Amino acid sequence: MGKIIRPAYPVEFSVGLLLLIFALSSFLGSQLFEAPFGELKDDTSGYIGMALVGLAVVIMVLILWEEFLFPITVVPTEGQVVFRNHRNKLLTQLFIYFSIPAIFVFIYANYEVNQVRFFIWAAICVIAPVAGKLISGINNYNDFLKLTNEEIAYKNNRKEGVFKIAEVQHIIPVKDERNVLHKIQVQLTNNNQVIIDLDEMELADFYNSIDEALKAHYETILKEAKISA
């Protein structure tokens, strides 16, 4: 297998989209202030306030849109490949996340704001990253899937295991109707069955690569994919 990289948009497209989001959110952010836009644009500090709103929105987007800041690369070594989320990703996300409430506190302390609109915007920018990425990132911080010629090892929150290939009867990929891998069913020689849920482990970026790795490492014990309902 070759080097595995998280799918990403071209840099030019990503930067352009972020600039567009910044411009739109800065303009719409003028609605947070009590002063009309006509008065804000004649005041340099008004422009700064609008830009800060746009910056808070962009930071929120950067946390939710992981591929821009965290392009995951996996380089398979001889006989094994390990799939896991970016180990330093969560710490970086938390660091930049705390700038969002700091921005809104600064705006609230230095500008006259429309209370309802301000707190709606602030709530969205503060809560969305937590609900969308940070909580799941904390839960899945140590999760991984390791495939080697000798064993399969995984950790999914409290679930974990190491299975010697000699003890595995067969492996069944569990896919959806689009033929996309979501789970791995491991049938052991002692008739025990283990389901490795890739969705819970947030390994969606590697579905195709994991599918290829299964074929490369375990061709003799790999069974036909099962379609999940």
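**Reading salt bridges, sheets and cores**

Author: Let's start with Glu151, which is buried at a relative accessible area of 16%. (Buried is under 20% relative accessible area, exposed is over 50%, and partly exposed lies in between, with a 1.4 Å probe and protein chains only.) Bear in mind that this is a predicted model, where local features need pLDDT of at least 70 and side-chain atom pairs count only at pLDDT 80 or more, while totals for chains, interfaces and linings use all residues. Residues are numbered from 1 along each chain as its sequence is written, and side-chain values use heavy atoms, leaving out hydrogens and water.

Reader: How do I read the charged pairs, and which residue forms a salt bridge with Glu151 at 3.1 Å?

Author: Side chains of opposite charge can pair when their charged atoms come close. The cut-off for a salt bridge is a side-chain nitrogen of Lys or Arg within 4 Å of a carboxyl oxygen of Asp or Glu. Here the residue is Lys164, with 3.1 Å between the closest N and O atoms. Lys164 sits in strand 6 and Glu151 in strand 5 (residues 151-156), so the pair ties together parts 13 residues apart in sequence. Glu151 also meets Lys146 in a salt bridge, at 3.7 Å from N to O. Put together, Lys146, Glu151 and Lys164 make a network of salt bridges.

Reader: On to sheets. What is the strand order in the open sheet with antiparallel pairing?

Author: First, how elements are picked: helices (H or I, at least four residues) and strands (E, at least two) are DSSP runs, numbered from the N terminus. Two strands pair if DSSP finds at least two bridges between them. In this sheet of four strands the order is 3-4-5-6. Strand 3 (80-84) and strand 6 (159-164) are at the edges with a single partner strand each, so one side of each has no neighbour in the sheet. For a close look, follow strand 3 and strand 4 (residues 144-148), which pair in the antiparallel sense over five bridges. Phe83 has Leu145 in strand 4 as its bridge partner.

Reader: What lies between strand 7 and strand 8 in their hairpin?

Author: Five residues, and Asn179 in the turn has a positive phi of about 70 degrees. Strand 7 (residues 168-175) is also largely enclosed by the rest of the structure, because seven of its eight residues are buried.

Reader: Which residues have the most contacts inside the largest nonpolar core?

Author: A nonpolar core is a set of buried Ala, Val, Leu, Ile, Met, Phe, Trp, Tyr and Cys residues joined through side-chain atoms within 4.5 Å. The largest has 28 residues, and Phe33, Ile63, Ile100, Phe104 and Ile107 have the most contacts inside it. Helix 3 (44-64), helix 5 (89-97), helix 6 (99-110) and helix 7 (115-139) are the elements giving two or more residues to this core. Helix 3 gives the most, with 11 residues. Another core lies apart from it, with 26 residues that include Ile152, Tyr154, Ile184 and Tyr207.
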